[in-house]
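Work through the exercises below with the sequence and the model side by side. Each task is followed by a solution in steps.

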Amino acid sequence: KLKDIRNEIMDGKIAVNPYRKLDSSGETACQYCPYKSICRFDTKIQGNEYRILEKLGNDEVMSQIRGESGKE
């Protein structure tokens with residue numbers, strides 16, 4: 001996966017795709033990003049939306065890493 005990401009970056013594919021946590025904090029990646037002044041991500045611009053991150057337990061995370069759906 002890391003090689004794929006590296007190759008995409010090297011090919012110039014650097015889409016803006018920040019997250020927002022689905023919890024009471026509502027934390028976003030933009031809060032900590034040193035590039036927000038040049039990124040110009042703004043939810044008021046059509047097509048700019050946050051990826052929503054749900055809180056997952058360790059078992060759920062490992063299942064997703066393994067590619068398991070968790071639904072049978």
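**Exercise 1: a cysteine in a helix**

Cys-39 counts as partly exposed because its relative accessibility is 28%, where buried means under 20% relative accessible area, exposed over 50% and partly exposed in between (1.4 Å probe, protein chains only). The model is a predicted one, in which local features need pLDDT of at least 70, side-chain atom pairs count only at pLDDT 80 or more, and totals for chains, interfaces and linings use all residues. Residues are numbered from 1 along each chain as its sequence is written, and side-chain values use heavy atoms, with hydrogens and water left out.

Solution: Cys-39 belongs to helix 2, helices (H or I, at least four residues) and strands (E, at least two) being DSSP runs numbered from the N terminus. As for confidence, helix 2 (residues 36-39) has the lowest mean pLDDT among the elements of the chain, 82, whereas strand 1 (residues 19-21) has the highest, 91; pLDDT is the predictor's confidence in each residue, from 0 to 100.

**Exercise 2: the chain as a whole**

Task: Which pattern do the elements follow along the sequence, and what radius of gyration does the chain have?

Solution: The chain holds three helices and two strands, and reading along the sequence gives α-β-α-β-α. Its radius of gyration, taken over C-alpha atoms, is 15 Å, while a compact globule of 72 residues would have one near 11 Å, by the rule of 2.2 Å times the number of residues to the power 0.38. Of the 72 residues, 11% are buried.

**Exercise 3: the largest pocket**

Task: Which helix gives the most to the lining of the largest pocket, and how do the lining residues divide by class?

Solution: The largest pocket has a volume of about 310 Å³. A pocket is an open set of points on a 1 Å grid over the protein atoms alone, where a 1.4 Å probe fits, with protein on both sides within 12 Å along at least five of seven lines, and lining residues have an atom within 4 Å of a point. Helix 1 (residues 2-10) contributes the most to this lining, with three residues, and the lining as a whole includes Lys-13, Asn-17 and Arg-51. By class, the lining residues of the largest pocket are five nonpolar, one polar and three charged.

Definitions and conventions: Grid points are joined across faces, edges and corners, and a volume is the space filled by probe spheres set on the points. Ala, Val, Leu, Ile, Met, Phe, Trp, Tyr, Cys and Pro count as nonpolar, Asp, Glu, Lys and Arg as charged, and the others, Gly among them, as polar.
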